[in-house]
Amino acid sequence: MLVLGIETSCDETGVALVRDGELLTDVTATSMDEYARFGGIIPEIASRAHLESFVPTLDAALEKAEVELGDVDAIAVTAGPGLVGPLTIGVSAAKALALALGKPLYGVNHIVGHLAVDQLVNGEFPERFIGLVVSGGHSHLLRVGNIATDITELGGTLDDAAGEAFDKVGRLLGLPYPGGPHIDRLSQQGDRYAIGFPRGLSRGKDKVRHQFNYSFSGLKTAVARYVEGCEARGEDIPKADVAASFSYAVVDVLLEKAFNACETFESDTLVIGGGFSANSMLREIAAERAAKYGVTVRIPPIRYCTDNGAMIAALGWSLAREGVDPSPLSVTVNTGLPREQIVLR
């Protein structure tokens, strides 16, 4: 079974090929550098970049894998969630290929793909596990019985996602876009205990009512007030300490709820995916707490944390292996695709 995976949910054009659970190639073209001066993604620019990049990226993937289009047995493409323009480019291309080749098409869930890619690196998933997906636009806790057929959303962010909060705090500190990698590097020079920033939905009634939900808007505001206070007093902003303390506040609450979910649902495995899973502090503290809770933590290599075609090909291969019915050729995109809907009908 050779599956072609196509990812165009935001600003990366990703194409990958997976054969029987083995990644043959993964090629990505990104337009990220074009958004630095805007401080965020511009959907129209991203859409045009996908139009320009798709065919060259597809050709490069086929050449590296040393296969022909006719060798492909199934096509998987991100159908949501994401930006409507970029998603439409990818789904349109996938539908054209599926129709021309007479191959089944799977319009798949981007969020689930961030977990599915881990099996290409760390092997088959256990019978059940808890999944934590954290990125620029998403922060979700999922209970997974089968990556292709059985996913239940336990909770998610009620406002800013973790990566989104990092971008906003990066702007407060005068760091380039995207803020995540720059804050990560800066935090390694600071003291994570220097400033006691709040942990959203982690105390009292909020902790009970929102056991598996996240909120980072209050934390972002607390950082803004701290920075404003330093400026009002004419003091230098201790940027490294702010970055480290802010990062620790985000990582602390993300992992506290994730390991709590492992205990609640008697799961001994936590799989973490998404762009923010590349964060060094998250990886460090996850490893420390894994030993404490007796839980195995699986995080794919950094190259598979950001959006890529491999995650979509991996999920498509899992769907095909489980005999899940493909999507119709009339399938369209769903920018708010529910996390529990693995394949779009």
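**View 1. Aspartate 118 and arginine 298 are joined through their side chains in a salt bridge, with 2.6 Å from N to O.** A salt bridge here is a side-chain nitrogen of Lys or Arg within 4 Å of a carboxyl oxygen of Asp or Glu, and this rule finds 2 salt bridges across the interface of domain 1 and domain 2. The model is predicted, so that local features need pLDDT of at least 70 and side-chain atom pairs count only at pLDDT 80 or more, whereas totals for chains, interfaces and linings use all residues. Residues are numbered from 1 along each chain as its sequence is written, and side-chain values use heavy atoms, with hydrogens and water left out.

**View 2. The chain is divided into domain 1 (2-118 + 304-322) and domain 2 (124-299).** These bounds come from an automatic or database domain assignment, and the centres of the two domains, taken over C-alpha atoms, are separated by 27 Å. Where the domains are in contact (heavy atoms within 4.5 Å), domain 1 contributes 21 residues and domain 2 contributes 26 residues.

**View 3. Domain 1 and domain 2 bury about 1,800 Å² between them, with 70% of it on carbon and sulfur atoms.** Buried area is the accessible area (1.4 Å probe) that two parts lose on being put together, summed over both. Of the area that domain 1 buries against domain 2, Leu115, Asp118 and Cys305 supply 36%, more than any other three residues.
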